[in-house]
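Colleague: Could you take a close look at one part of this model for me and walk me through what you find there? I would be glad of one connected account.

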Amino acid sequence: MGSTCEMNAAMCVWRRLPLFVLASSLCLYLSRAEDSGMENIVTEKKAEESHRQDSADLLIFIMLLTLTILTIWLFKHRRFRFLHETGLAMIYGLLVGVVLRYAIHVPSNMNNVTLSCNVNASPATLLMNVSGKFYEYTLKGPIGANAVNDIQDNEMLRKVTFDPEVFFNILLPPIIFHAGYSLKRRHFFRNLGSILVYAFVGTVVSCFIIGLLMYGCVTLMKQIGQLYGDFFFTDCLFFGAIVSATDPVTVLAIFNELHVDSDLYALLFGESVLNDAVAVVLSSSIVAYQPEGDNSHTFEAMAMLKSFGIFLGVFSGSFALGMATGVVTALVTKFTKLRDLPLLETALFFLMSWSTFLLAEACGFTGVVAVLFCGMTQAHYTFNNLSPESQDRTKQLFELLNFLAENFIFSYMGLTLFTFQNHVFNPIFIVGAFLAVFLGRAANIYPLSFLLNLGRKNKITPNLQHMMMFAGLRGAMTFALSIRDTASYARQMMFSTTLLVVFFTVWICGGGTTQMLSCQNIRVGVDADQDNFIGPDGVERSSTKHESAWPFRIWYNFDHNYLKPFLTHSGPPLTATLPTCCGPLARCLTSPQAYENEEQLKDDDSDLILNDGDITLTYGDITVSTDATGAHTSGTAVGGVAVNSDEALDRELAFGDHELVIRGTRLVLPMDDSEPPLPLDSHRNRHKYETMS
């Protein structure tokens, strides 16, 4: 009987066991679901808080730009020139940085922070197993031992610190492209030889002068125990390369407003445009310097030659890629009817131009060089194929993007002085850097100007040299190159010092531009479309001629006869310039608009080759031609005595209109008749009256 009861009880327990297990499993599942739901809620709250924080950070920069624009208007309205818009942006950035660093504190919460996880390295990505779930953590950067308890404040400061790639891939392309797209080709190509010497030879000289001086400074710091990390000679050369990139945006803006000497403007602008490109390639070549063996910082001739080869290869490859993208865009806009849809045409132009930078970076070249020469090519060829609406849109679009990007970068510079977590300020290094930058700029300008003046008819006078020396400001490119890598002690010291160099040059040199112009007696109010020269008697005269280098005259002839007709609707039709055997190909590549424009001169560079033997100037009954050497020959069309005198030519051209005859194409150029004509000598007047009678 007892055994039967025990058996019944056991069977009852076994019957209830599955129900118990099921209930337990259900409770466990509901508990986990509840935990998972709570986890999702917490995650969503964190995501929402992060979103709000990101919006507030972007709003800070938008407000900075808004405040800068309003202050710019006030300065322009009051005609204040002692501080440029970029200097204002930096001041506002500094003020906001001070507030973020010292006035705003987030309450510390160390409950969710683990400080006892020890690893032997700092991997970029860390996977952690927490109760069977894997979590991915991304490395944000080192934190000082004294800042461990201020993690929330550090997180807030990191939020307003952008990834350096944002500068290179988003903010720099429109600035560099606008420099090439808005280039005044007339004055640029007229001074092309001097600009190339300053940009290439001068930048390399400046880089090595600064590098050598800074190496001596670093050696001194090591001797007195002020150097707390590795700092090699290649690091000094890298610093020399990045601070050799000039960005005289403040000076050029004042030059443009005051209409200073056109050659001075062209030399400074052209040097800064190409100088940035050279500095980028030069810095990457220095980084690529890798001698064989364990010590990667010793001098080795083969490694140096390899770096030089990398410099040439990267620069030429980037140049070719930028030109190729511009040529492709020109052909697409020429042989399609995109001009009928200006919105699509502008969109294609914008995307092709921006993609040049990214394509070059993806291929291992330098996007700065590529997008610069792409901008020049687009302005020279593609611009002629665009509809009038697209021409206005593209110019205004890139001008706007350049303005916003440039002021954003300068605002961020001021902000970074207080929000960057790893500044290394060393007084000896800072003083040495200022001295080296000054001497490097002097070694660039004065010796090269002396050598250039040996072959220039239009000399670079000492006052212009002093102005170029003073105008060697550092700006967006120097900052972008220095912030791209701040992982090591040497790079952190470079970045901190670079900020101070930029601040000083923008505020002091940029703010003193007007006073420097007055001190050096440099002409202002000059019409950029009219050339001026000083006559033998010391009197300034106006002229419509200017010497052009023979390589450019050869290039112009080739471009005018073949490239422009092939890539645009401008210039003579290819059927008139190519040999007869190429007739079918010429007819295929010549657009109908080219035949319509055959009798029109649509070349912006035609005034650059006034020494070409094919050019004839006709004024009234006077015909003036130039031979291959640039000598002028003038005479009467009805008969009489020919006159060979530059002064007489200038006096004749000072009267009303004259005609420019180039290869059978006639264009009437109105002369500025605001100035009264110079009186002719009595012999010349008597000869003219006799001829007319």
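Modeller: Happy to! A residue counts as buried here when its relative accessible area is under 20%. Please keep in mind that this is a predicted model. With that cut-off in hand, let's look at helix α11, which covers residues 342-362. Its buried residues are P342, E345, T346, F349, S353, W354, T356, F357 and A360. In general, an α-helix has 3.6 residues a turn, so residues three or four places apart point the same way.

L183 sits in the loop between α4 (164-181) and α5. Its relative accessibility is 8%, so L183 is buried by the under 20% cut-off. The C-alpha atom of L183 lies 7.2 Å from that of M376, although 193 residues separate the two along the chain. Helix α5 itself takes in residues 185-190, R190 among them. R190 has a relative accessible area of 14%, so this residue is buried too. The side chain of R190 makes a polar contact of 2.8 Å with the side chain of D263.

Note on methods: Residues numbered from 1 in each chain as written. Predicted model: local features only at pLDDT ≥ 70, side-chain atom pairs only at ≥ 80, totals over all residues. Heavy atoms only, no water. Helix = DSSP H or I, 4+ residues; strand = E, 2+ residues; numbered from the N terminus. Buried < 20%, exposed > 50% of the residue type's maximum accessible area, 1.4 Å probe, protein only. Polar contact = N/O pair within 3.5 Å; in protein donor to acceptor, adjacent residues only side chain to side chain. Expected span 1.5 Å × (residues − 1).
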